[in-house]
Amino acid sequence: MIENQQEIADDLVDTFEMFDSWEDRYGVLIDFGKKLPPLDESDKIEENRVHGCQSQVWMIARPHEENGQTTIDFIAESDALIVKGLIAILRKVYSGQTPQNILAFDIAGLLQRLGLDQHLTSGRRNGLDGMVRKIKTLAAQHI
Amino acid sequence: MFDVQKIRADFPILQLQVRDKPLVYLDNAATSQKPQQVLDALNHYYTAQNANIHRAVHYLSETATRAYSESRESVRALLNAAHESEIIFTRGTTEAINLVAHSWGLQNLKAGDEILLSAMEHHSNIVPWQIVCEKTGAQIRVIPINDAGEILFDEYENLLQSGHVKFIGVCHISNALGTVNPVKEMIAKAHEVGAKVLIDGAQSVPHAKVDVQDLDADFYAFSGHKICAPTGIGALYGKAELLNAMPPYQGGGDMISSVTWEKTEYNVLPHKFEAGTPDIAGVIGLAAAIDYVTKIGLENIAAHEAQLLDYATKEVQSIEDFQIVGRAKNKASILSFVIPGAHPQDIGALLDARGVAIRTGHHCTQPLMKRLGLSATARASFAFYNTEDEVDVFVEATKNARKMLL
């Protein structure tokens, strides 16, 4: 069953809005990050690196076919916790979605609603953009 | 009398609130903030002095030319160079080192020659020499350090005995560790084997009195922006005999005395190395900054910063798992650290949420990080306008970050 991306996004915004300070919002990201399932050590190879990040990020995305419908699962990990929290947000809205949904989803709008567009340093923002690009590229290949 | 609150009032940016918190700016090793006196000098230049310097006959050009050359005297006095002509304005330390590497290096180095660089050099004192080595066949040898981040002087002396060492590049103060290197002794040893020495003074000039004649440095480079001046301006000191013998680094206007299609005669020092319209405003801003810190007194600045470093070094002991990186006995006001299990980037982000600005990463010293077995550190660096109260905010914020991340 494919989850509704908009509902997930709204839930994330609700969660963030419960906290006023950026320290507490980082706290949310850190909690997400701590719960992020790990990537196998064998997958932490150059081929899976996402460049543009100050911290190290590895990401793998796999198409999954069931009942004639393709969805894409992806998993990623970083050595920095806040980045892991950002990965968790991307997973919530992207993983398990159809390529069409992935390409159509307004990620910039979500980041803006979460205030992340203003609070991420440009280095981290580049890394996030790198991950989104990689997911979308893969999605486009499976349409 | 050194009154830190009075000094802080000179810096408009220090009154800022960031992330709804009072700014605690502890990224001074990256760049310093600018006092109103420097901002006023820039404003005055553009509102009352702006014209291109040299050659023109009109009033404004004469005013700007005079201000520009008086600024060179300020830099000469700051470094206690013997002559104004030994001060070359550059974009900063990086350009100054590139100038020496490309001009002196390409002229004087050949295959088999050795360049010694310390293990704690900034990339800007590594990469220009690698480029020169590729072109000349010279080789870089690394002066090793101990785990505290101090140069192993015996090893340095051994390296000098190879008979091939022509040049030594070393930072006066390490930007990543705060180590103050024994550059005077290193220069003396280098001169015994006939090698020339460049001191990267990016971190030292803002924090201590430097005397290039006492050090007997052949070249000394620094950046204005770390000593309260604008970005994009710095200077290279070089002994006149060396600079005179070196070919120009860049060609253009101002660096010539006559040009024909057949042959160009170069200008005298310092103009030979200042091609094109220089950063006149930056130079004037640099002079204002030098005037500002000189009036406070570099000795007073050094004393205040030493006190801050001592206080911070003591206070961080209350943070569990806090490990200081760089424990040299002779250290400037740079506190590099790691908390195992917490990524420096996360520590930096959480401190930023409390308005505390520090730097995280490899500090442009990747070979040093590798030597220390680290990929990155977090770094707080103190300036004369910082206070013990700010150290307290930093310590509390770091305690909190640790709690959130571990």
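Predicted model: local features only at pLDDT ≥ 70, side-chain atom pairs only at ≥ 80, totals over all residues.

Residues are numbered from 1 along each chain as its sequence is written, with chains lettered from A and ligands numbered from 1 in the order in which they are written.

User: Which strands stand at the edges of the chain B sheet?
Analyst: Helices (H or I, at least four residues) and strands (E, at least two) are DSSP runs, numbered from the N terminus, and two strands pair if DSSP finds at least two bridges between them. The open, mixed sheet in chain B runs S4-S10-S9-S8-S7-S5-S6. Two of its strands have a single partner each, so one side of each lacks a neighbour in the sheet: S4 (87-90) and S6 (139-143).

User: What is the bridge partner of B:Tyr220 in S10(B)?
Analyst: Strands S9 (219-223) and S10 (234-238) of chain B pair antiparallel over 5 bridges. In S10(B), the partner of B:Tyr220 is B:Tyr237.

User: Is B:Ile347 buried or exposed?
Analyst: B:Ile347 sits in helix H12 (344-353) of chain B. The cut-offs are 20 or more other C-beta atoms within 10 Å for buried, 12 or fewer for exposed, and partly exposed in between, with C-beta atoms placed from the backbone. B:Ile347 has 26 C-beta neighbours inside 10 Å, so it counts as buried.

User: How far apart in space are B:Ile347 and B:Arg402?
Analyst: In sequence, B:Ile347 and B:Arg402 are 55 residues apart. In space, C-alpha to C-alpha, the distance between them is 7.4 Å.
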